[in-house]
Amino acid sequence: MGGALSRTGLSSGKSKYHSSKSLTGKTVIITGANTGIGFQTAVDLAKRNGRIILACRNDEKGEAAKSRIIQLTGNKSVVFRHLDVSLMSSVRSFADIVRKEEKGVDILINNAAVVNWNEVVTPEGLEETFATNYYGPFLLSKLLIDMLEKSSEGRIVNVGSIASLGGSVDGDTVWVHKGFTRGGYNDSKLALLLFTKELARRTAHTNILVSYVHPGTVTSELFRNLPWILQFIITFVMRPFLKTPLEGAQSILFCALDDAIQTGGYYMDCSLYDHSKWVPNSAYDKELSKKLWRTTERIITEIDSG
Ligand SMILES: NC(=O)c1ccc[n+]([C@@H]2O[C@H](COP(=O)([O-])OP(=O)(O)OC[C@H]3O[C@@H](n4cnc5c(N)ncnc54)[C@H](OP(=O)(O)O)[C@@H]3O)[C@@H](O)[C@H]2O)c1
């Protein structure tokens, strides 16, 4: 039941994804679903009649998003569950709740992210950008793999960024709080890409499809921690060239729903972009991916043991 892609009515790069796919009986988790691209993705998926779990760090915003989505779609199976994806302890508690409450998980969308201008260190000692954009999705995906395996077509969609092109990752010393730079967002999105490729290889024998998606450059709250002058430029000067959150959601929906998705693929504008100039060569470095995986597991174990 694949969807048809139409660019009608939208300028280049603002593809609209069309699919009549129903999610009746399916369970979907979306992190950071209370605003921006994640919220719009959740609205679309809720219209398809699935059970939609909004995994958000702010309870008030999460509950408000839940009420709004129920009001917009009439789907009463939309629920909010607390998740601060930058904290490994919170990721573990969330996964425990999912395990208790759900029979399985069909789609996991790792959407939550931050861009920081100044260094923030989480109570667990990780630099916040890397913790939110990379460590959290890594651990959450791993903890829910067996739940996704129960699905006839499990999917993990990692919301990345074209900014990964400007990133660099050292598989031996994955960033902790000592290494803050303003390029950390790019590095975290490259790490997420390397993780996507490695996870796809490790789950190749299962029914799980893993994908990485750049949603486009979108007007949202993502840039809220930047200096006001940069926010002004993005919000007012660049606005005509940016996508709306609804437009940004389209490629994520494509990755979550379409039959054409290839596991491990890098998607943007509802198309496969692997081996294009937009994908960094290091994304295909299998040794680096493996090293990164091992180092990440070691750091998470260190956090677990305090
Ligand atoms: N906007 C763009 O131009 C652009 C470009 C490329 C890629 N992306 C990617 O698209 C995705 C969505 O971004 P967006 O533009 O929609 O940004 P946004 O409007 O800032 O939304 C980000 C969401 O993530 C949540 N979040 C942040 N830290 C979290 C944490 N520790 N635990 C749980 N949730 C957390 C935020 O919650 P709060 O509201 O509580 O802060 C918010 O719901 C991100 O992965 C981003 O990197 C965006």
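This is a predicted model: local features need pLDDT of at least 70, side-chain atom pairs count only at pLDDT 80 or more; totals for chains, interfaces and linings use all residues.
A polar contact is a pair of N or O atoms within 3.5 Å. An oxygen atom of the ligand lies 3.2 Å from a polar backbone atom of Glu221. For Leu222, a polar backbone atom is 3.1 Å from an oxygen atom of the ligand. Asp84 contributes through its side chain: one of its polar atoms is 2.8 Å from a nitrogen atom of the ligand. On its own, the ligand exposes 910 Å². The protein buries 98% of that area.

The ligand takes up the space of the largest pocket. Around the ligand are 32 residues. Those that come nearest are Arg57, Asn111, Tyr185, Val218 and Ser220.

Aromatic rings were searched for across the whole structure. The search finds twelve aromatic pairs. One example is formed by Phe130 and Tyr134, whose ring centres are 5.8 Å apart. The planes of these two rings meet at 70°, so the pair is edge-to-face. An angle over 60 degrees is what places a pair in that class. Both residues belong to helix α4, which covers residues 128–149. Phe130 and Tyr134 are four residues apart there, so about one helical turn separates them.

Note on methods: Residues are numbered from 1 along each chain as its sequence is written. Side-chain values use heavy atoms; hydrogens and water are left out. A residue is near a molecule or strand if one of its heavy atoms lies within 4 Å of it. A polar contact is a pair of N or O atoms within 3.5 Å; within protein, one must be able to donate a hydrogen and the other to accept it, and residues adjacent in sequence count only if both atoms are side-chain atoms. Accessible areas come from the Shrake-Rupley method with a 1.4 Å probe; for residues, only the protein chains shown count as cover. On a 1 Å grid over the protein atoms alone, a cavity is a set of points where a 1.4 Å probe fits but cannot get out, and a pocket is an open set with protein on both sides within 12 Å along at least five of seven lines; lining residues have an atom within 4 Å of a point. A molecule sits in a cavity or pocket if more than half of its atoms lie within 2 Å of its grid points. Rings of Phe, Tyr and Trp (its six-membered ring) pair if their centres lie within 6.5 Å; planes under 30 degrees apart count as stacked, over 60 as edge-to-face and the rest as tilted. Helices (H or I, at least four residues) and strands (E, at least two) are DSSP runs, numbered from the N terminus.
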